[in-house]
Protein chains: 2
Amino acid sequence: MPYPPTAVDAVVEGLRGRILSGSLQPGTSLPPERELASQLAVSRATLREGLSILSQMGLLSIHRGRTGGAVVTAPPATTVSASIALLFQTRAVTAGQLCEFRRALEVEAAQLAAVRRSPQELKEIATTLDAYVASSQDTAAQNLHGRAFHHAVARASGNPLLSETMMSLNDAFAACFHLQHTARAPDPAQLIRDLHWPILNAISRGDESDARRAMLTHFDQLQNALSELGISDRAIGNQTEGDLAVTGDGNGSSRCRSALAGRG
Amino acid sequence: MPYPPTAVDAVVEGLRGRILSGSLQPGTSLPPERELASQLAVSRATLREGLSILSQMGLLSIHRGRTGGAVVTAPPATTVSASIALLFQTRAVTAGQLCEFRRALEVEAAQLAAVRRSPQELKEIATTLDAYVASSQDTAAQNLHGRAFHHAVARASGNPLLSETMMSLNDAFAACFHLQHTARAPDPAQLIRDLHWPILNAISRGDESDARRAMLTHFDQLQNALSELGISDRAIGNQTEGDLAVTGDGNGSSRCRSALAGRG
DNA sequence: CGGTCACGATTGGTCAGACCAAAACCGTGT
DNA sequence: ACACGGTTTTGGTCTGACCAATCGTGACCG
């Protein structure tokens with residue numbers, strides 16, 4: 001890909017390498033743009049393009065003003081969910097594939113949690129289920145607590161890489177399906193008894209294989225639901241921006257859209 | 001964060017919205033930068049920053065030359081694996097955790113491959129094993145073909161999200177432990193007979209549970225090797241080799257770092 | 001003495017115009 | 001027909017300037 005090596009790529013790769021290698025640790029401030037551009041022997045415009053990309057990757061946080069500047073940051077897990085959501089929206093990945101990916105991670109996480117969970121973590125998992133039960137009416141809250149349950153199980157796995165990636169996937173999954181298919185659960189109480197409680201029970205007993213089996217059952221049910229809805233093989237690509245606001249701001253969007261519409 | 005809405009954000013959001021909404025479909029070419037900048041009422045530098053970001057997101061493919069320009073593209077799955085890789089590169093992830101993550105994905109991939117593999121894909125898996133056998137002397141080539149085997153299995157799973165992410169992780173894994181323990185395999189032929197061949201065999205027979213079990217055995221062996229080497233709990237340090245190649249000397253690097261010390 | 005507010009310094013954000021380099025087009029010459 | 005070199009289009013980079021946000025500072029006043 002870098003057949004014609006560009007200066008901005010060099011800037012990005014250079015800074016990225018320094019950040020990832022620990023030479024530039026999170027929290028440290030970069031020099032002002034003019035100074036850094038001079039140090040790297042590139043123009044400020046070129047440097048800015050690179051900083052923009054790094055900022056978009058979540059490696060830098062840039063602020064204006066006197067004490068502003070670029071600060072090295074640890075990229076949030078949201079960057080993963082953002083890119084997955086992007087894939088989803090462009091129809092490169094189907095709902096079934098994403099669900100499969102989730103299943104691989106979550107089943108493993110449940111199995112690990114059965115062995116490693118601390119009493120505290122076990123308690124947290126149980127708490128999320130209580131909250132789930134309490135919100136039997138509100139489908140939105142129900143969805144939220146369902147994800148909290150998965151998150152608690154993931155954290156109990158003791159593998160942050162696993163849990164953070166999982167959460168990113170769940171966020172992307174939830175963002176893509178948002179509120180449209182909320183009412184697929186006939187009876188939340190029964191759902192918990194049949195699907196969630198066995199997971200908690202197995203993890204509580206420290207039974208690896210049962211934990212795995214229980215989580216597998218949960219995902220079988222989820223995948224069946226996707227199939228019945230007919231959305232398993234088709235990603236929800238073209239929605240309006242408002243629905244897929246994964247990044248959270250539709251602010252500048254409308255402004256620019258109107259600007260684009262005027263000229264066409 | 002974007003309290004002051006910036007023009008480049010407006011450009012990114014605007015074009016992103018147009019692409020995701022289907023108004024700009026993959027394959028369509030954007031106007032030349034000068035013209036598009038004029039249409040959006042921004043300067044070319046600002047537009048270029050936006051195009052850079054969109055290109056980095058995988059939504060645009062930019063080429064130089066007379067027939068060059070920005071072409072709308074569907075983002076490849078590699079963007080997801082890249083962000084996941086970025087996630088674990090910036091977190092303190094141990095070799096054991098990474099291996100666990102790989103196991104979750106690869107075991108699932110093997111199981112899926114047993115059901116979905118085409119004859120062609122099966123043949124490709126077998127080919128990689130042949131190459132593995134043929135390179136019994138060269139440890140580097142052996143490593144390479146070992147990864148090719150895993151790649152082939154992953155692709156046979158029929159889930160690009162799964163396979164792409166797996167490959168990204170494998171590359172990172174291999175890069176991290178490249179030099180240290182090349183000679184941990186006593187007898188490659190026996191290794192293949194005990195670990196790899198059962199995987200191929202199970203996938204060939206379409207036996208899901210056997211494929212899963214065989215891949216699990218493979219990873220158990222790998223994790224045991226990591227434990228014996230005592231590097232299972234060691235954090236993955238990223239040794240990015242290529243330093244900033246703009247100035248041509250490492251002088252600016254140290255200057256920058258010393259300049260950074262004063263701030264923060 | 002302490003709080004408030006305006007000024008100014010610092011820094012990112014944007015703009016304008018120019019030139020360089022890559023790459024495909026096209027006409028010329030053999 | 002074919003190779004080749006100029007032409008043209010387009011992205012890549014540089015320079016220098018100005019705008020705007022933000023915070024530090026110190027004068028001013030209660």
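Begin by selecting Ile62(B), which stands opposite Ala70(B) in β2(B). The model is predicted, so local features need pLDDT of at least 70 and side-chain atom pairs count only at pLDDT 80 or more, while totals for chains, interfaces and linings use all residues. Residues are numbered from 1 along each chain as its sequence is written, and chains are lettered from A and ligands numbered from 1 in the order in which they are written.

**The hairpins**

Two strands pair if DSSP finds at least two bridges between them. Helices (H or I, at least four residues) and strands (E, at least two) are DSSP runs, numbered from the N terminus. Between the two strands of this hairpin there are 5 residues, and Gly65(B) takes a positive phi near 90 degrees.

Now go to chain A and select β1, residues 60-63, with β2(A). This pair is antiparallel, over 4 bridges. Ser61(A) stands opposite Val71(A), and His63(A) stands opposite Gly69(A). The hairpin of β1(A) and β2(A) has 5 residues between the strands, and Gly65(A) has a positive phi near 90 degrees.

**DNA strand C**

Select DNA strand C and the residues near it (C-beta atom, placed from the backbone, within 6 Å). How many residues surround DNA strand C? There are 23, and the closest are Gly69(A), Thr6(B), Ala7(B), Thr46(B) and Gly65(B). At least two residues each are supplied by α3 (44-57) and β2 (69-72) of chain A, and by α1 (7-20) and α3 (44-57) of chain B. By class, this surface has 9 nonpolar, 8 polar and 6 charged residues. Ala, Val, Leu, Ile, Met, Phe, Trp, Tyr, Cys and Pro count as nonpolar, Asp, Glu, Lys and Arg as charged, and the others, Gly among them, as polar.

**DNA strand D**

Two or more residues come from each of α1 (7-20) and α3 of chain A and α3 and β2 of chain B. Which element gives the largest share of this surface near DNA strand D? That is α3(A), with 3 residues. The surface divides into 10 nonpolar, 8 polar and 7 charged residues.

**α3 against α3**

Select α3(A) and α3(B). Their axes come within 9 Å and cross at roughly 35 degrees. Axes are lines fitted to C-alpha atoms, for helices over the stretch in contact, and angles run from 0 to 180 degrees between N-to-C directions. The crossing is right-handed. A crossing is left-handed if the near helix is turned anticlockwise from the far one by less than a right angle, and right-handed if clockwise. Among the residues that meet here are Ala45(A), Arg48(A) and Ile53(A) in α3(A), and Ala45(B), Arg48(B) and Ile53(B) in α3(B). Residues are in contact if their C-beta atoms, placed from the backbone, lie within 7 Å. This contact has 4 nonpolar, 4 polar and 4 charged residues.

**α1 against α3 in chain B**

Angles under 35 degrees count as roughly parallel, over 145 as roughly antiparallel, 65 to 115 as roughly perpendicular and the rest as oblique. The crossing of α1(B) and α3(B) is right-handed.

**α5 against α5**

Finish with residues 95-116 of both chains, helix α5 in each. The axes come within 9 Å and cross at roughly 125 degrees, so α5(A) is oblique to α5(B). The crossing is right-handed. Ala104(A), Leu105(A) and Glu108(A) make the contact with Ala104(B), Leu105(B) and Glu108(B).

Methods: Contact = placed C-beta atoms within 7 Å.
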